[in-house]
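Me: I want to learn how to read strands, helices and ring contacts in a model. Take me through the features one at a time.

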Amino acid sequence: MSRIKCILRGVDLRTMLFLFILVPTCVYGIYLHGQKISYFLRPLWESPPKGFNEIPHYYNENVTMENLCKLHGWRIREFPRRVYDAVLFSNEMDILTLRWKELYPYITQFILLESNSTFTGTEKLLYFANHRDQFKFVEPRLTYGNIGGRFKKGENPFIEEAYQRVALDQLIKVAGISDDDLLIMSDVDEIPSKHTINLLRWCDDIPQVLHLRLRNYLYSFEFFVDDSSWRASVHRYKMGKTRYAHYRQSDDILAEAGWHCSFCFRRVSEFIFKMKAYSHFDRVRFKRYLDPERIQKVICKGADLFDMLPEEYTFKEIIGKMGPVPHSYSAVHLPSYLLENADEYKFLLPGHCLRESG
């Protein structure tokens, strides 16, 4: 104690305040907002990825398919390719319905795989299997499978996700896919528009692997974020070479090809489930993030569930996207089934941000 007293005698008041007030405050601030700080400084150490080869997308319902193919620099086929739509399923019942209703006219086989494990190794129900009667309209064209989870707590969730995607590869083969058939690779909430898929099945000379640029929405079609969603892709299948994946696989991308509606759930409980279950569960840094009242307020504001900054590569883009997503009052060019059944899906439309609780 005597040594400490001697040391303190030589320290003035300003230094004392710095040591015992400012330093702990800074440490606590970094603890609370360290993730924001790292995201804001991202442009200092990370460069943006290489740009895509943007393919303009031409469409009007009154233009013939022959002319649409020609506008894209492609030839029209004598008959359309077969199309397979394959997804990993968690619990997105409403979005799955919208997806399958949108794509139904042009899909040869719908392929769905679900697991009794989340990506984070937590046991979950087989939601699709328990509600399969709701999807009788696709039953004649459905290849369904489920896989048991490995339940390895603490493991990187992307390992479990990759494990499930490998299993989906096998299910795709069971569905009867052949060389040069089209295979859609995308998450359930990444929905290609029907006219996009119809174009690609009728046109020859399309790229072997083509990414789809989707309009990016958050919580509903009221909150338009940007048009930067690119992970969805369509492949001309090659036996022994094509592998189901959800990362960049080509430099070619087709503009305005559909919609990505992230966290577009009917119930607050579904938000909580996904926040704890998906690969980025580490973003739930504080228990209060899962509070139902907070989640409801965040949804109506268009703010971030995880209190994060945008994941961008330039300061201009980060600053431009800081704060809540602006409200949009446009419901033009949305999935047709959504508008035809607006009363059932009004939570996805502008002006209806309130969610059911359970």
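The dialogue below goes from strands to rings to helices.

Me: What kind of model is this, and how are residues numbered?
Reply: This is a predicted model: local features need pLDDT of at least 70, side-chain atom pairs count only at pLDDT 80 or more, and totals for chains, interfaces and linings use all residues. Residues are numbered from 1 along each chain as its sequence is written, and side-chain values use heavy atoms, with hydrogens and water left out.

Me: Is strand 3 buried or exposed?
Reply: Terms come before the case. Buried means under 20% relative accessible area, exposed over 50%, and partly exposed in between (1.4 Å probe, protein chains only). Helices (H or I, at least four residues) and strands (E, at least two) are DSSP runs, numbered from the N terminus. Strand 3 covers residues 83-89, and seven of its seven residues are buried, so the rest of the structure largely encloses it.

Me: Which residues of strand 3 lie on each side?
Reply: In a regular strand, side chains alternate between the two faces of the sheet. Here, one side of strand 3 carries Val 83, Asp 85, Val 87 and Phe 89. The other carries Tyr 84, Ala 86 and Leu 88. Both faces are covered.

Me: Which strands are joined to strand 3 by bridges?
Reply: Two strands pair if DSSP finds at least two bridges between them. Strand 3 runs parallel to strand 6 (residues 182-185), with four bridges. Val 83 stands opposite Leu 182 there, and Asp 85 stands opposite Ile 184. Strand 3 also runs parallel to strand 4 (residues 109-115), with six bridges. Tyr 84 has Gln 109 as its bridge partner in strand 4.

Me: What do strand 3, helix 5 and strand 4 make?
Reply: A crossover is right-handed if, with the strands pointing away from the viewer, the path from the first strand over the helix to the second runs clockwise. Strand 3, helix 5 (residues 93-103) and strand 4 make a right-handed β-α-β unit. Ten of the eleven residues of helix 5 are buried, so this helix too is largely enclosed by the rest of the structure.

Me: In which sense do strand 6 and strand 12 pair, parallel or antiparallel?
Reply: Strand 6 pairs with strand 12 (residues 233-236) in the antiparallel sense, over four bridges. Met 185 has Ser 233 as its bridge partner in strand 12. Leu 182 and Ile 184 point one way from strand 6, Leu 183 and Met 185 the other, and all are buried.

Me: How many aromatic pairs does the count come to?
Reply: Rings of Phe, Tyr and Trp (its six-membered ring) pair if their centres lie within 6.5 Å; planes under 30 degrees apart count as stacked, over 60 as edge-to-face and the rest as tilted. The count comes to 22 aromatic pairs. Take Phe 52 and Trp 230: the ring centres are 5.8 Å apart and the planes at 50 degrees, so the pair is tilted. Phe 52 lies in the loop between helix 3 (42-45) and strand 1 (53-55), and Trp 230 in the loop between strand 11 (224-229) and strand 12, so the pair ties together parts 178 residues apart in sequence. Phe 52 is buried, at 18% relative accessible area. Trp 230 is partly exposed, at 23%.

Me: Which ring does the charged end of Lys 101 sit over?
Reply: A charge sits over a ring if NZ of Lys or CZ of Arg is within 6 Å of the ring centre and within 35 degrees of the ring normal. Lys 101 has its charged end over the ring of Phe 137, 4.0 Å from the centre.
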